[in-house]
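I opened my notebook and looked up a few things in this model. My notes follow.

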Amino acid sequence: MKKNISYYKKKLDAIFSKYIRYRDQGQCYTCSKQDEPKYMQNGHFVPRQYLSVRYDEINCHCQCYACNMLYNGQPSRYAQRLRQEYGDEIIDSLERKRHETTKWYPGDYEEKIAHYTEKVKEYEIHM
C-alpha cells in the first residue's frame with residue numbers, strides 16, 4: 001500500500017515534536033514552566049502551516065499548553081527569547097524562510113523521520 005504525504009507528515013510531526021520537547025527538557029520557552037516533556041508541546045514561532053519552517057529547530061521550542069494554545073504561542077515573548085538566543089537578525093531570517101517554496105517527497109520525510117527517531121532514542125537512553 002502506497003502511503004500519502006499526510007501519512008508521512010503526521011509521523012514526522014509526532015517524532016519531531018517529541019525531539020523538541022526532549023531537547024528543551026520540558027521547559028516552556030515563553031514562561032519557563034517545567035514539566036515532563038510528554039505533558040508539553042512543540043511551539044512554533046512562524047506557524048507550522050509553512051512547511052519551510054515547520055521542522056526548523058530554531059523556529060520550534062517546547063511550550064506549555066497555556067502559552068502555545070491559550071495565548072497563541074506568546075509571540076512577543078517568543079520573539080524576545082529568539083533574539084536573546086540567536087541575535088537580532090533571527091526574526092527577519094525566519095520570516096524570509098517562511099516564504100520559501102518547499103516541496104517534500106516521501107523520501108524527504110522518511111529521511112527526517114529516521115534522523116529524529118535516532119535523536120529521540122539518544123535522549124531516552126539518558127533519561
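**Helix α1.** I began with what α1 packs against. Its buried residues (under 20% relative accessible area; exposed is over 50%, partly exposed in between; 1.4 Å probe, protein chains only) pack against β1 (41–44), α2 (51–54), β2 (60–63) and α6 (106–125). Helices (H or I, at least four residues) and strands (E, at least two) are DSSP runs, numbered from the N terminus. I listed the buried residues of α1, among them Tyr8, Leu12, Asp13 and Phe16.

**Ground rules.** This is a predicted model, where local features need pLDDT of at least 70, side-chain atom pairs count only at pLDDT 80 or more, and totals for chains, interfaces and linings use all residues. Residues are numbered from 1 along each chain as its sequence is written, and side-chain values use heavy atoms, with hydrogens and water left out.

**After α1.** I noted glutamine 25, which follows α1 and has a positive phi, near 55°.

**Arginine 54.** I found arginine 54 in helix α2. Is arginine 54 buried or exposed? Arginine 54 counts as buried because its relative accessible area is 9%. Its contacts (heavy atoms within 4.5 Å) include Asp13, Phe16 and Cys60, leaving out residues up to four places away in sequence.

**Cysteines.** I searched the whole structure for disulfides (pairs of cysteine sulfur atoms within 2.5 Å) and got 0. Cysteine 31 is in none; its nearest cysteine sulfur, in cysteine 28, is 3.7 Å away. Cysteine 31 is partly exposed, at 39% relative accessibility. Cysteine 60 is buried, at 0% relative accessibility.
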